[in-house]
Amino acid sequence: MVAKKLFGTSGIRGKVGLEVTCELALNVGKSLAYYLGNSGSVVLGYDTRTTNRMLDQAICAGLLESGINVIKIGMVPTPLVGYATEKLNADAGIMLTASHNPSPYNGIKLWNKNGMAYTSKQEAAIEEIYANKDYISVTWDKVGKLSINNEIKGEYVDDLVDMVDIKKGLKVVIDCASGAGSEISPLVFRKAGCEVTTLNSQPDGFFPGRNPEPNEENLQTLMKTVVAIGADLGIAHDGDADRMITVDEKGNVSPFDSLLALISKEFDGDIVTTVDAGLCMDESVKGDVIRTPVGDVNVAEAIIEKDASFGGEPSGTWLHPDFCMCPDGILSGLRMAEIVSRDGKLSELLDSIPSYPNIREKITCSSEAKIKVMENMEELLTSAFDDIVEVNPLDGVRLTFADDSWVLVRPSGTEDYIRITLESRDAKRAEEIKDICAKIITENLWRNLFFKLFFFFSLFFLPIIDYFSKT
């Protein structure tokens, strides 16, 4: 049995020194090696975090000690690890990153030889090996070989540029958050014919310019710069550049759902998205909309199973199966630039997408409390509304109402939050749904905390009180 779950919705992730340590990295390397049969090769890359060099050495040692050949590709965006794993015919890939989390965090994400992230079943197998310490060390003459590949970066850049046709001179501002896309993303856009201005494009694991989460609060400088220089488009990456969010020519951060719907219109066939995607998807795409639990690997699995043309999450994590099954924020940005250069102003293109009041809220909740809080959430939510037409427990609890409003309550897989995502055709109705859900979550959280405190009180203090009452 696995003592503690390692993987969340996007690999292993946590604070360095607490959840993520060199010992963990070493043993995850050994566990992956055992899973691969203690033979073959693994591509290893990392983002700009200050703790990546030590984790890189630790996980590399675990792999080599277990007979796995390691191909190091250095500081690269996450999509390059997926691309390189497939291109170099490796047996697996490893990316050391905590994506959009702040500097104290780091993580480990595993990739299949087709460039797709490890599935939940594969992660469970790794967890079991890790928990049981099934890994082995090979003899001295069977230790894996270490090599460094710098050429794959150039191949990735060239292949990306070949994917798009952008009119020369499109003015683009790129904010890389001092993350893993800092060197490659501006280069790719310049090679594709864009006139590029960069922000936060010096690799720095302290993320001095802004937090790596690409949201409106963190993108104020990008928004102002786009307007100030008269740019056609602004593009923001997260810490490892597997995500992309745009800023239009007016300096507005693009609505996540509308942006996803706009790119999805480019593809024939079915489109895969997650349960937190909005109504505009159903009203915009050419084929059917297939919804999955949150997480890029869930989207990837559905793309393969349904032979879909494209897939993505509203967060800006998009998969391009015609290129690679790894989410790629750089290719996503290139394709948005291609659309703008061909069809005109981004603000007008987004205005053509149906848009409804949309709320995304999060309530702080520890990882330990999430399970208890969510245990009876479906019952609490369904009893609070009288116009529910559908209940979907695929990922958390998603309710659809008679007026087409919907709400999703789910625990974050990467952070200490319970997330509320909802949409309605009426702003007042949206606020009402949000307030009811937030109240239920908060009350349930406090109720569970009360019972926990009462339990400890009963365990430690009642025997003492009982003893003194008898003396």
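This is a predicted model: local features need pLDDT of at least 70, side-chain atom pairs count only at pLDDT 80 or more; totals for chains, interfaces and linings use all residues.
To see the pairing for yourself, find V397, whose bridge partner in β19 is V409. The two strands form a hairpin with four residues between them, and in this hairpin D404 takes a positive phi near 75°.

Now look at the other pairing of β19. With strand β20 (residues 417–423), β19 pairs in the antiparallel sense over six bridges. Here L408 has T421 as its bridge partner in β20. These two strands also make a hairpin, with five residues between them. Is β19 itself enclosed or open? Five of its six residues (406–411) are buried, so the strand is largely enclosed by the rest of the structure.

Next come the charged side chains. Side chains of opposite charge can pair when their charged atoms come close. How many salt bridges does the model hold? The count comes to 27, and E266 with R342 is one of them, with the closest N and O atoms 2.9 Å apart. That pair links distant parts of the chain: E266 sits in the loop between α8 (256–264) and β12 (271–274), while R342 belongs to helix α11 (residues 329–343), 76 residues apart. E266 is partly exposed, at 33% relative accessibility, and R342 is partly exposed with a relative accessible area of 43%.

Another salt bridge joins D276 and R360, with the closest N and O atoms 3.7 Å apart. D276 is in the loop between β12 and α9 (279–284) and R360 is in strand β16 (residues 358–364), so this pair ties together parts that are 84 residues apart in sequence. D276 has a relative accessible area of 11%, which is under the 20% cut-off, so D276 counts as buried. R360, at 36%, is partly exposed.

K434 is buried, at 13% relative accessible area, whereas E431 is partly exposed at 37%. Salt bridges that share partners join E361, E431, K434 and D435 into one network.

Methods. Residues are numbered from 1 along each chain as its sequence is written. Side-chain values use heavy atoms; hydrogens and water are left out. Buried means under 20% relative accessible area, exposed over 50%, partly exposed in between (1.4 Å probe, protein chains only). Two strands pair if DSSP finds at least two bridges between them. A salt bridge is a side-chain nitrogen of Lys or Arg within 4 Å of a carboxyl oxygen of Asp or Glu.
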